[in-house]
Amino acid sequence: MSKQDGSGRQVTETPTDDLSARILHLDMDAFFASVELLDRPELRGKPVIVGHRGARSVVTAATYEARRYGVNSAMPMAVALRRCPHAIVLEPHYDRYQTASRAVMQILGDVTPLVDPLSIVEAFLAVSGATALFGPPFAIGAALRARIHAETGLVASVGAAATKFVAKLASGRAKPDGLLIVPEAETLSFLHPQPITALWGVGAASAQRLERLGLRTIGDVADAPLDALTRALGPAAAGHLHALAHGRDPRSVSPERAEKTIGHEVTFERDVAEPTVIDRELLRLAERVAERLRAGGWVARTLSIKLRFGDFETITRSQTLPEPTDVAQRIATEARTLYAASPVVGRGLRLIGVRASALLPTGTVARGLWDDDEPWREAEGAIDALAERFGSGTVQRASLLRGAPPRRGSVPEGGVGRLD
């Protein structure tokens, strides 16, 4: 069985008036796949995979019918099709996902202004101030799910608890199409039987270290001496996991949470090593990052590149800029500099990505007396205006019109959080 395939589903069947589960986590079910099925209703109930076909492609999303065959997002498409050879593969349409996400977030905002989006598919809500008008958390969660389905045709699962961590864990246990309320008094009884991998921040390496200590469940972590956890994981991680295992999570729901990163990456059908091709792809990715920065009203202080070689070794390199930017030419120049300084000689690239982080609102950054990027900024602003009027791709740089290597599309990696 794959993760989040619906096995082990746990929901609250009977309405409850509990008010202690004041934080909701709403997570859209198989979001990208579900959006695609809005236009292909005849495929509902069938194993569907969203992604590009090809030797180098990965799964963007999968329906629960496909997940039961062991198909997961980010899995190589070739592996997914071996596990589920009769799956139907649909090409992704990221613009549709953004549109659907905005509709969902608008619905959440109608209940409370305290909405903290984690990605385009999930968000936290603080509902203490909404209960007088809309009822207890159970009623709010049920009403949100019903309205989202009625207005968008999509399905959401909701978890409600006294803390962010437990609410997020509860929504995962409620999938698909479920609602789970964890009253504050029942936090530990819900939490402690869960596997250690359910702890927020436990990956494969830290799970192995905990298992070597004989720890299998969150309850085991709660009972373990803090100094033993510290020796295994270090003081910061040990303190974090120990607190979560005891149900302590002081984080509040903050609607001011900004998108942390904006990025795009591309996987090639064959390994690419030609410098001119790499230069062109870095510019292409930089343009897409810059477009999203300007559309969101951001400038980036830090730029990074991601390089994955034919043997799947992956490296990243980053650079903090003297002045934040939203100019594609500047982003491309910095990305090319990072690439040139990387150990890439003689090695073909399977994947390349460009990411912007340390984002600041555009209006809060003052430019210097001399702005070397001003001509490019004006040109790119004109392109934005034409794209808004006539559609994306109306005007392109001549250098990007030349032949490009076979690739499986540019995937937006930042601001999405997870693919599905």
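Student: Is Pro 117 buried, exposed or partly exposed, and why?
Tutor: Pro 117 counts as partly exposed because its relative accessibility is 30%; buried means under 20% relative accessible area, exposed over 50%, and partly exposed in between, with a 1.4 Å probe and protein chains only. Please note that this is a predicted model, in which local features need pLDDT of at least 70 and side-chain atom pairs count only at pLDDT 80 or more, while totals for chains, interfaces and linings use all residues. Residues are numbered from 1 along each chain as its sequence is written, and side-chain values use heavy atoms, with hydrogens and water left out.

Student: Where is the place of Pro 117?
Tutor: Pro 117 lies in strand S5. Helices (H or I, at least four residues) and strands (E, at least two) are DSSP runs, numbered from the N terminus. From Pro 117 to Met 105 the C-alpha to C-alpha separation is 8.0 Å, and the two are twelve residues apart in sequence.

Student: And which strand does S5 pair with?
Tutor: S5 (residues 115-119) pairs with strand S6 (residues 122-126) in the antiparallel sense, over four bridges; strands pair if DSSP finds at least two bridges between them. Ser 119 has Glu 122 of S6 as its bridge partner. The two strands form a hairpin, with two residues between S5 and S6.

Student: Changing topic: how do H4 and H6 cross?
Tutor: The axes of helix H4 (residues 94-109) and helix H6 (residues 137-152) come within 10 Å and cross at roughly 140 degrees. Axes are lines fitted to C-alpha atoms, for helices over the stretch in contact, and angles run from 0 to 180 degrees between N-to-C directions.

Student: Which residues make the contact?
Tutor: H4 contributes Ala 103, Val 104, Ile 107 and Leu 108, and H6 contributes Leu 144, Arg 147, Ile 148, Glu 151 and Thr 152; contact means heavy atoms within 4.5 Å.

Student: Which residues have the most contacts inside the largest nonpolar core?
Tutor: They are Leu 26, Phe 31, Leu 108 and Leu 144, in a core of 37 residues. A nonpolar core is a set of buried Ala, Val, Leu, Ile, Met, Phe, Trp, Tyr and Cys residues joined through side-chain atoms within 4.5 Å. H4 gives the most to this core, with seven residues. Leaving aside residues up to four places away in sequence, Leu 144 touches Leu 24, Leu 26, Ile 107, Leu 108, Val 111 and Leu 125. Another core, of 33 residues, lies apart from it and has Phe 268, Leu 282, Ile 305 and Phe 309 among its members.

Student: What about the open sheet: what is its strand order?
Tutor: Three strands form it in the order S3-S2-S4, with mixed pairing. Strand S3 (61-62) and strand S4 (88-90) are the edge strands, each pairing on one side only. Strand S2 (residues 48-50) is joined to S3 by two bridges, and they run antiparallel. Helix H1 packs on the sheet, touching S2, S3 and S4, and its direction makes about 110 degrees with that of S2.

Student: Which residues of H12 are buried?
Tutor: In helix H12 (residues 235-245), the buried residues are Ala 238, Leu 241, His 242, Ala 243, Leu 244 and Ala 245. H12 is followed by Gly 247, whose phi is positive, near 80 degrees.
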